[in-house]
Amino acid sequence: MATQKVVLIPGDGIGPEVTSLTVKLFEAADVPIEWEVVEIGEPAIEKYGEPMPEDALETIKKYPIVFKGPLTTPVGKGYRSLNVRLRMELDTYAVVRPAKSLPVDWLYVDVPRFKNVDVVIVREATEGLYSGVEHFVGKDRCGAETINIITRKGSERVIRFAFEYARKYGRKKVTAVHKANIMKTTGGLWLEVFYELAKEYPDIEANDRIVDNMAMQLVLKPYEYDVLVTTNLMGDILSDLASGLIGGLGVAPSSNIGDKYAIFEPVHGSAPKYTGQWKVNPTAQMLTGTFMLRYMGMDEKAELIEKAIFKTLNDRKKLTYDMTRTLKNAGIADIPPVSNKEYTEEIIKNLKAMM
Ligand code: NAD
């Protein structure tokens, strides 16, 4: 297979660690990718005084696929989220977050019903409450407003994406998640568009759930759900919840898909408190990578890498701290954690034995 060029954004916080370990694993698997590295976020602030210099964005836009580590967003102040901005700049309007249990039994020993989770959350990524239209109101910041923007066009394209995704991957049901009982205009429009489009997909069951009920249902009986489609903030929250069902943020992959570009990044953030310690779990970034390989038509490489990861997890010899903690809390084993470098070496050893 010909070598393909992919933009690599290492990110900041734990991002450079988990992306470099993934690149190392991909190299060991002879994945034919050439990386175009673009630094944005904290490294760009240090070097250029701004988080996303214009030429960085230009380089990112040269190639259709971006592999990205997490990026920190200042809380309650500072610059706008680069993650949200990138999705808007590249118009990757559908965040696709599969929450699928891994073939690793010990991960689900606490809650066995989470063993069969296979839900895909499709989240709108360019509007909703993340539109960035917000301001303080009145004197002395006596109030504040954030505008929730829902357009027919924005809703249509992501809802259609969810139905098409369901059809393509043989899924049976799409559930629209909303809060239309309270937000009657924005939620109402979202639901109206959903049921209009559902008529074009008679082969796929369509239903809807109010978001608070959906959160409870996901924890109680996740296996009753298939594809969920929802707006920006609700999708953000529900996909972290769904990550918790399948073993936590350390193993949850994600992607942002548009008509021209696709960005692959894990669900988790930059976990700044662990920066430079080489201890966080790189599995989410690695599985995000195999998700990307499948998107690029490199299914065999993806399968090989995943097999090596799952063997390493099932062997339970070398695991990062979050996973040894799970084993200990479940009373299964008390294993000393290893660094994520050692964990990756173990995956590479298993991979080489399979090649
Ligand atoms: P976070 O995902 O960074 O961390 C949440 C919790 O999960 C923490 O306890 C963290 O230690 C743990 N965790 C995260 N990734 C892990 C991993 N790979 N292995 C083991 N444990 C892991 O979320 P947060 O603390 O809410 O946010 C931190 C920063 O990340 C914020 O600036 C936020 O805006 C940003 N963020 C970025 C993205 C992105 O880049 N797409 C997504 C979410 C949050």
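Student: How many residue pairs are in polar contact between domain 1 and domain 2?

Tutor: The count is six residue pairs, both residues at pLDDT 80 or more. A polar contact is a pair of N or O atoms within 3.5 Å; within protein, one must be able to donate a hydrogen and the other to accept it, and residues adjacent in sequence count only if both atoms are side-chain atoms. This is a predicted model: local features need pLDDT of at least 70, side-chain atom pairs count only at pLDDT 80 or more, and totals for chains, interfaces and linings use all residues. Residues are numbered from 1 along each chain as its sequence is written, and side-chain values use heavy atoms, with hydrogens and water left out.

Student: Where do domain 1 and domain 2 lie in the chain?

Tutor: Domain 1 is 1–93 + 258–355, and domain 2 is 99–249. These bounds come from an automatic or database domain assignment.

Student: Why is the pair Asp-91 and Arg-157 called a salt bridge?

Tutor: The term requires a side-chain nitrogen of Lys or Arg within 4 Å of a carboxyl oxygen of Asp or Glu. The side chains of Asp-91 and Arg-157 meet at 2.7 Å, N to O, so the pair qualifies. Across the interface of the two domains, the rule finds one salt bridge.
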